[in-house]
Amino acid sequence: MLNVDRRKFIQTIAAGGALLAAGKSAFPAEMAHGAASEANPDFKPDVEIELAATPGELPLLPGASTRVWQFKGSLIKGDPAAFQMLPGTALPVIRVRNGQKLRIHFANHLNEDSIVHWHGLHLPHQMDGHPMYAIRPGQRFVYEFQVDNRAGTYWFHPHPHGRTGEQVYRGLAGLFIVSDDEEQAAALPSGEFDLAWVLQDRLFDHNNQLVYARNMMERMQGFLGDRVLINGKPDFVQPVATTAYRIRLLNGSNSRIYKLAWDDGRPLTVIGNDGGLLERPVKRPYVTLAPAERVELWMNFSDRSVGDQITLRSLPFNAGMSMGGAATANGSAFPVLRVRVDRKLAKPHALPARLSHISRYRLEDAVNHRSPRTFSPAMGMGRVSLNGRTFEKMDEVADNEIVKLNTLEVWEFANDASMMMMAHPIHVHNLQFQVLERRADPRFAAIRDSLGAGFLDEGWKDVVLVMPGERVKLLMKFTDHTGLYLYHCHILEHEDMGMMRNYLVRA
Ligand code: C2O
Ligand code: CU
Ligand code: CU
């Protein structure tokens, strides 16, 4: 679908980026490099969007407005619902159906390189927003792809190497919501009863300006803010009616883990996570939401009265190493948002007993089931790594990072090789995986047990939180696309420091 010949691939050597050594390169040279690209006239999009990353100002707090970076865009072609701002916010939402063709013209109006990654989507390498495609200020990148994901709550954010953390922190993120026939058959609450909450913590100075990672310690532990914004808003209150809602949550924070629970002690009913709907609803006393993870809740307010208020809180937990001040450390308790019942609405809605079908991968079908690939995130001495390596060259892959197209593999992430132990939310590009098992080191049981009951390891995932001392095995299948993709820690400061590597899918 990508017409390589049509595109002008202008070789650029990004500052600090890597010059591709022809011949040594792991993938064909014509696929390489940050490039000014053009639309392919043979590609007929159902939806066409103009999307710019641009500096702006928002009135977030009383007093001075806050300088931010924003995605601003407009719909060129397609259903008006395909590109909108979440009502009352500066948060863009792309809504498409599985199978639709998209063309997105990305324009970089920042003063630094950028590129957009479609988190959770299954796309050709050239469309994935790999940092090798980062474009310069003033340049454009044209994405053309067909949506090939089941219904779910995906998202998008910048991915230039070394700058992802700051660009997301300053405001660049959006939701990418996919629907399909199976989801529609589940007849979940829709329209105004389908809500989205993006959780992000931020730190402001006395003049309402955003403060970001000031020193090595704040990068090593992952940057933490002291207040939580929901959809970019402080002190967020969600008005609801006395009926049932579908609520999509994205942890869009750089490094904060949330342990989410209602203050009245009712359990949460979870209907979906990273890769869409679960097979059936599950209940949890609280939900653990690590950076980049999504969860979908079913909330029925029909037994509430007008005037009721319910607070969603993040409960305290043991985060292992946390060097932050007591008020902002990962694991400190705070209110996240309030739900206020403000009108009566007799709109019956039954929670479906069955939501979707998921066929489980089987370990014995994995080509390496006798010898899982093991990857160890590690930190120490101001350095982060995966198996002792960091992300240095755009196209570098090691021998144990090469997989074969159309094979199922088991990958194990072993968080036990570090001088500094902290939980790492591990993300793999290009696919949705299944969590096979977790094995915990009893020495770290207290840390694991303070979050473990909130894990949602069922269903399809693209991020998994690997706790200190834990070894987590994932089953993943590499289909359709060859080329380089990333896997990394989604603590964005760790990613930027190089706790990120390529893997190569080979035919
Ligand atoms: Cu959400 Cu490589 O990232
Ligand atoms: Cu991703
Ligand atoms: Cu990490």
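**Charges over rings**

I started with lysine 101, whose charged end sits over the ring of phenylalanine 43, 5.9 Å from the ring centre. My test for this was NZ of Lys or CZ of Arg within 6 Å of the ring centre and within 35 degrees of the ring normal. Lysine 347 does likewise over phenylalanine 193, at 4.4 Å from the centre.

**Ground rules**

This is a predicted model, so I kept local features to pLDDT of at least 70 and side-chain atom pairs to pLDDT 80 or more, while totals for chains, interfaces and linings use all residues. Residues are numbered from 1 along each chain as its sequence is written, chains are lettered from A and ligands numbered from 1 in the order written, and side-chain values use heavy atoms without hydrogens or water.

**Ring pairs**

I found 25 aromatic pairs, meaning Phe, Tyr or Trp rings (for Trp the six-membered one) with centres within 6.5 Å; planes under 30 degrees apart are stacked, over 60 edge-to-face, the rest tilted. I looked up tyrosine 258 with phenylalanine 334, which is edge-to-face at 6.0 Å centre to centre and 75° between the planes. The two partners lie 76 residues apart in the chain. Both tyrosine 258 and phenylalanine 334 are buried (under 20% relative accessible area, with exposed over 50% and partly exposed in between; 1.4 Å probe, protein chains only). I also noted a cluster linked by ring pairs, including Trp118, Phe145 and Phe176.

**Phenylalanine 176**

Beyond its neighbours within four places in sequence, phenylalanine 176 contacts (heavy atoms within 4.5 Å) residues including Ile94, Leu102, Trp118 and Phe145.

Terms used
Helix = DSSP H or I, 4+ residues; strand = E, 2+ residues; numbered from the N terminus.
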